Amino acid sequence: MDIIRNDNFSFLRMFMLLKREWTANRSKLLMQGGILVGILAMIYFFVIQSSYEDDYGVSNLDDDAAYILVFVMAFCANVAAEISASLICNNLASKSGKINSFMSVGTPLEKYAVRFIIYILGAVILLFLAIFILDFIRICYVSIAYPNYDVKSIYTVICMEFPHDASYSIAMFLLAPSAFIFNQAFFTLMSSITPTYTFIKGFAVSLAIGVVANLFFIVVLPLFYWIPLTKLTDTGFCALLIFASVMLLITAAVFHIIAYYKFKETDLR
Amino acid sequence: MIKVKNITFSYNGFMPIFRNLNLDIQEGGIYGLLGQNGAGKSTLLHLMCGMLTPDDGEIIFNDKNVRLRLPSTLCDTFIVPEEFDLPAITMAEYCKINAPFYPKFSVDDLKANLAMFDLDYEGNLAALSMGQKKKAFMCFALACNTKLLIMDEPTNGLDIPSKVQFRRFIASHMTDDRIIIISTHQVHDIELLLDHIIVINGNDVVINSTINSICSKLNFYTSLEPIDETKVVFSSKTLGGIAYISLRNDSDEESELNLESLFQFCLTQPEMVKAILSDNKPNNEQ
């Protein structure tokens, strides 16, 4: 059957749409990616400038900057991924953008998948690549300029240096990525609901939810029922982390499904 | 063929723009969609492309509901909207990424169309003026050779020579299996081009007829002198005199359609127009 006239999902047509989207918007996408990498580079530069000093009298100094960068980069990666996800339905903000999207030859799922690849997967790949390269440059630079430091990559810090217990591993390798995926999905959903100024609106909504949730868990809930977190065993705490991670992933999947249906049902109104 | 079946549509949930609208559009015609500002011309075009969701009813094209936005209907549909964005790439690149989605696309047609408007195939689309962008986009639209081509106010932003070229350009691309729908309020720009007219007014289709059918029932003429008004159904003052529309007898010589007068006739006496064109000739002395 003719690929173009096929009304079912087609990977080939999806890649044609992806190529079309990339060619038509590459300068805008490259500029957005460039700004993101530039901001990360500036943060790296600032941390390097303020964390290392020449002290030739002492050798094997601890690379404290690597520990700082783990947290700084985790925060930046989250914010960058949220900004990227909030752009997923950005072109549906204008009438001409909507017409361009609706009249593209492809199923709604293919069109959504193209956006997902660019703004969700693409953002993750770009972020990890940028952080990897920036960190590699930092290691090379510090090794030459400050040989008195025992320089470490942030990936080494994440995998080797933090204390090795089960709850740490779950938090680092399951909860943190789940929270990251959840954040992206939340901003994707926000973008499908309100395509303009999505990041600001999404930030405001998440802040409001955060305040309400904190009030509930810290103020209201203890009035009726006290969860003795301090009495949890290690196994119980691990189970709680796993449960939280799974819930975040399920919610993220639900957000993406709702965002897809919202995208599919949007019309020119 | 496009079948508009019992469409009801409103933007706000009440005050519908269309109520139980029915319309059949056959292949092989250049349709002029006319109506006052706010009558719902663009809305109807957007409904026909599946870009708006009707409150009730459906629009069928290629035996499928257009609102599903299925690839099999989208690859046979092209719309030139009033406002559009073109990426900052060359026409050659634009063609390379978009043409594969239209099975009947012809690059030779595109190059010929661009040459007609003195546009460059290798030129960057971002460097073009608004009018040139419109011409470039229309060149691409016609080269797609889709079964359904919809143009919303296509002559807006075109200079006078381009409007003349536009008519020639559209006429040269018409084939028996195509439907071209042109929505405009600048009736002079397209009246020589059309072979079918649709006039919408107040939730309803007043006319959906061929030019031949209209001219077989009505005579159009302009006179400086008042004339015998026994057969006149409509008259209005124009710069060139008084424009008359009268009922045509079989013995009368066929006249050239005056689209502007016909449009005004539709707005002022829609029921009479409907009655005349549906062969229930009214008593014009009413």
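Trainee: What should I know about the conventions?
Mentor: This is a predicted model in which local features need pLDDT of at least 70 and side-chain atom pairs count only at pLDDT 80 or more, while totals for chains, interfaces and linings use all residues. Residues are numbered from 1 along each chain as its sequence is written, chains are lettered from A and ligands numbered from 1 in the order in which they are written, and side-chain values use heavy atoms, with hydrogens and water left out.

Trainee: How much space lies in the largest pocket?
Mentor: About 880 Å³. On a 1 Å grid over the protein atoms alone, a pocket is an open set of points with protein on both sides within 12 Å along at least five of seven lines, whereas a cavity is a set where a 1.4 Å probe fits but cannot get out; lining residues have an atom within 4 Å of a point. Points are joined across faces, edges and corners, and a volume is the space filled by probe spheres set on them.

Trainee: Which residues lie nearest the centre of that largest pocket?
Mentor: A:Arg20, A:Asn91, A:Asn100, A:Ser101 and B:Asp85, out of 40 lining residues.

Trainee: And which element gives the most to the lining of the largest pocket?
Mentor: H1(A), with seven residues. Among the other elements that supply at least two residues are helix H4 (108-145) of chain A and helix H5 (130-143) of chain B. Helices (H or I, at least four residues) and strands (E, at least two) are DSSP runs, numbered from the N terminus.

Trainee: What is the lining of the largest pocket by class?
Mentor: There are 22 nonpolar, 12 polar and six charged residues. Ala, Val, Leu, Ile, Met, Phe, Trp, Tyr, Cys and Pro count as nonpolar, Asp, Glu, Lys and Arg as charged, and the others, Gly among them, as polar.

Trainee: What lines the largest cavity?
Mentor: Its lining consists of A:Ser101, A:Phe102, A:Pro108, A:Lys111, A:Phe263, A:Lys264 and B:Arg69. That lining divides into three nonpolar, one polar and three charged residues.

Trainee: And the second largest cavity, what lines that?
Mentor: B:Met48, B:Cys49, B:Val66, B:Arg69, B:Thr73, B:Leu74 and B:Thr77.

Trainee: Changing topic, how many helices and strands are there in chain A?
Mentor: Chain A has eight helices and two strands. The C-alpha atoms of chain A fill a box of roughly 70 × 55 × 35 Å along the principal axes.

Trainee: Where does H6(A) bend?
Mentor: H6(A) bends by about 30° at A:Met172, the bend being the angle between axes fitted to the seven residues ending there and the seven starting there.

Trainee: Lastly, how is chain B divided?
Mentor: Into domain 1 (2-85 + 137-202) and domain 2 (211-277), with bounds from an automatic or database domain assignment. The contact, meaning heavy atoms within 4.5 Å, takes 12 residues from domain 1 of chain B and 11 residues from domain 2 of chain B.
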